[in-house]
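Please look at the structure below before reading on.

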Amino acid sequence: MDVILHQLGQLLLRAVPTFLLVVVLHFYLKIMFFKPLGKVLQQRYESTEGARKLAEESLQRASQKTAEYEAALRTARAEVYQAQEQIHKQLQERETADMAEARKRAEALIQEARAALALDVAAAKATLAADSEALANQIAEAILRRSAA
């Protein structure tokens, strides 16, 4: 058993330099290879992730702007429709007022025409009455002259 322990000790003694070499190699690779590689990978991830985040933010801003523009467009359309409706109402009111004024003028003209016609009728009746009386007198004289003759 002593021999086995002795052989095991020698084996361990021969393994120590290999073990130290592996540990040194581990730290050397960690410092010289894996850290720079990790930094590069981290930078790559940050740049791609950053670009993706920027794209998402840009898309969100664009959708917000689109929503704002659509809301402004709806508001502008509503204002235009209200203005058109108000102008239409004003035109209808003006048209109604013009029609009422035209009716009043027509009524006044009709009344004037009726009054003038009534005056003409009265004048015609007076003329006819005077003429009929003169004709009646002439007829009576003509009849009396024929009878007297």
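The points below cover the count of salt bridges, a linked group, a separate pair and the accessibility of the residues.

The model is predicted. Five salt bridges are present in the structure. Side chains of opposite charge can pair when their charged atoms come close.

**Linked group**
- A network of salt bridges joins Glu49, Arg52 and Glu56.
- In the Glu49–Arg52 salt bridge, the closest N and O atoms are 2.2 Å apart.
- Glu49 and Arg52 are three residues apart, about one turn of the helix, and both belong to helix H1 (residues 2–148).
- Arg52 also forms a salt bridge with Glu56, with 2.2 Å between the closest N and O atoms.
- Arg52 and Glu56 are four residues apart in helix H1, so about one helical turn separates them.

**Arg105 and Glu101**
- A salt bridge connects the side chains of Arg105 and Glu101, at 3.9 Å from N to O.
- Arg105 and Glu101 are separated by about one helical turn because they are four residues apart in helix H1.

**Accessibility**
- Glu49 has 17% relative accessibility and therefore counts as buried, the cut-off being under 20%.
- Arg52 counts as partly exposed because its relative accessibility is 39%.
- Glu56 has a relative accessibility of 39%, so Glu56 counts as partly exposed.
- Glu101 is at 40% relative accessibility and therefore counts as partly exposed.

Methods:
Residues are numbered from 1 along each chain as its sequence is written. This is a predicted model: local features need pLDDT of at least 70, side-chain atom pairs count only at pLDDT 80 or more; totals for chains, interfaces and linings use all residues. Side-chain values use heavy atoms; hydrogens and water are left out. A salt bridge is a side-chain nitrogen of Lys or Arg within 4 Å of a carboxyl oxygen of Asp or Glu. Helices (H or I, at least four residues) and strands (E, at least two) are DSSP runs, numbered from the N terminus. Buried means under 20% relative accessible area, exposed over 50%, partly exposed in between (1.4 Å probe, protein chains only).
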